[in-house]
Amino acid sequence: MTVGTTLSWIGRARAVGAALCLWGLLLAGCAVAARNLSPPGVTVVGVSLLESTSGGQRFSVGLLIDNRNTEPLPIKALQFTLRLANGEARLEGTLPSPVVVAALDRQTVRIEVTTDLSSSPSRLLSFVQGPANALPYDLAGSLTVDRRFAKPWFFAHQGEVPLSIAAGR
């Protein structure tokens, strides 16, 4: 082995080592970026009774997703259970397609759900309170962002939500 060959081999080894270090730093940076995302806030902003038949009821549920992150939040899955009027109605829904909530922004998604209320919609209306036609609610669910190795975030919220009834129901 000559001195030139040895120097060439050492140069290649350093280049490979530097490339491996850079690759490792990039992977670590991606992992840190995914971990540093904060879960969004999820609240109910509206519930509409779209249709009521002897076979069940169809509702539209408006969920407000509040992205508090400085980067867009790509949501690939969201599931929820919404209990209205202290459990008189239980609605379960799933996000029909992925959404991206812009950085430091809020976005309302509308999800249609079908249920067979054990009590009639008129009974549900008897729980409406105040001039805003508000019902007490309990929301619980999970959402998953479109990130590698992302685990679901769980959310829960309680409050009051306006109930509207579609015309011509």
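Which residues have the most contacts inside the largest nonpolar core? Please keep in mind that this is a predicted model.

1. The core. L63, F80, L82 and L84 have the most contacts inside the largest nonpolar core, a set of 35 residues. Two or more residues come from each of β1, β2 (56-66), β3, β4 (89-94), β5 (99-101), β6 (106-115), β7 and β8. Strand β3 gives the most, with six residues. As general background, nonpolar side chains tend to be buried together in soluble globular proteins.

2. A closer look at L63. Not counting residues up to four places away in sequence, L63 touches V42, T43, V44 and V45, and also L78 and F80.

3. The pairing of β8. Strand β8 (residues 153-165) pairs with β1 (residues 41-53) in the parallel sense, over three bridges. S48 has S164 as its bridge partner in β8. Strand β7 (residues 134-145) runs antiparallel to β8, and 10 bridges join the two. Here L135 has V161 as its bridge partner in β8.

4. A proline in a strand. P74 is found in β3 (residues 73-84). Is P74 buried or exposed? P74 counts as buried because its relative accessible area is 19%, and the cut-off for buried is under 20%. Leaving aside neighbours within four places in sequence, P74 is in contact with V99, V100, T144, V145 and D146. The C-alpha atoms of P74 and V100 are separated by 4.3 Å, although these residues are 26 apart along the chain.

How values were computed
Residues numbered from 1 in each chain as written. Predicted model: local features only at pLDDT ≥ 70, side-chain atom pairs only at ≥ 80, totals over all residues. Heavy atoms only, no water. Pairing = 2+ DSSP bridges. Helix = DSSP H or I, 4+ residues; strand = E, 2+ residues; numbered from the N terminus. Buried < 20%, exposed > 50% of the residue type's maximum accessible area, 1.4 Å probe, protein only. Contact = heavy atoms within 4.5 Å. Core = buried A, V, L, I, M, F, W, Y, C linked by side-chain atoms within 4.5 Å.
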